[in-house]
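Please look through the sequence and the model shown here.

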Amino acid sequence: QYSSDGLQWEPLNVSIDNEAFLGGLKNAFKVDSIHYIYSNRSQLLWTSNFKTWDSTYVPVEQSGTKLVYGNGVFVYAGAWSELLYSTDLKEWKKAKIKCPSCQNQWYDDIVFDNGVFFVVGSASDMSTTRVALASVNGVDFVEQPSCGMNDDYDHVYSDSNGNFYARQGGHYSIFYRDEFYIYPV
């Protein structure tokens, strides 16, 4: 369902491909007056009025972990080391990753907040090595100080104060940002 005011709700009718929703939704976000919905089957849909829709597919090997938008760039983070970006939703390119600790990355989550993309996940086939990458432009991602430690992160959140919170199982790590890096507290 959708609502313009949070009080009155109407059924959400997508006339493009309702099969996109069979696997569930991964995330939704708003940029200016456009609402975006990213499905579990790597379909990105958008609308300004919830009645007419446009869509595209993100060209990934395994359907989606998450898609976010910030600083004029859409960034997809997912399984099998797939970290892609696009400025026009037509052409997708691989992000540049500087991460000596990362091998066989599996990105579990991404968030954009306070001008920073923050990606978390695991590296290695056993998911035992932590991956934490950050970027201000959505193109160049850099290993963060907590990268390479034991235990992987499976989710990342942010708050209105510019803090990031990464979850590993039932445990949370809090991060603060300086000029170049995001550090665990």
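The model is predicted, so local features need pLDDT of at least 70 and side-chain atom pairs count only at pLDDT 80 or more, while totals for chains, interfaces and linings use all residues. Residues are numbered from 1 along each chain as its sequence is written, and side-chain values use heavy atoms, with hydrogens and water left out.

The chain has 17 strands and zero helices. Both are DSSP runs numbered from the N terminus: helices are H or I of at least four residues, and strands are E of at least two. Of the 185 residues, 44% count as buried, meaning under 20% relative accessible area with a 1.4 Å probe, protein chains only. Contact means heavy atoms within 4.5 Å. Among contacts between residues at least 6 apart in sequence, 37% join residues at least 24 apart.

Four strands form an open sheet in the order 1-2-3-4, with antiparallel pairing; two strands pair if DSSP finds at least two bridges between them. Strand 1 (25–31) and strand 4 (54–57) are the edge strands, each pairing on one side only. On average, neighbouring strands of this sheet are turned by 20 degrees against each other, direction ignored. Such angles run from 0 to 180 degrees between N-to-C directions, and the axes are lines fitted to C-alpha atoms.

Strand 1 pairs with strand 2 (residues 34–39) in the antiparallel sense over six bridges. Leu25 has Ser39 in strand 2 as its bridge partner, and Val31 stands opposite Ile34. These two strands form a hairpin with two residues between them, and Asp32 in the turn has a positive phi of about 55 degrees.

Strand 3 (residues 43–47) and strand 4 are also antiparallel, over four bridges. Here Leu45 stands opposite Ser55 in strand 4. Their hairpin has six residues between the strands, and Phe50 takes a positive phi near 65 degrees.

Which residues form the aromatic cluster? Phe29, Tyr36, Trp46, Tyr69 and Phe74 do. Rings of Phe, Tyr and Trp (its six-membered ring) pair if their centres lie within 6.5 Å. By this rule the count comes to ten aromatic pairs.

Conventions. Phe/Tyr/Trp six-rings, centres within 6.5 Å; stacked < 30°, edge-to-face > 60°. Buried < 20%, exposed > 50% of the residue type's maximum accessible area, 1.4 Å probe, protein only.
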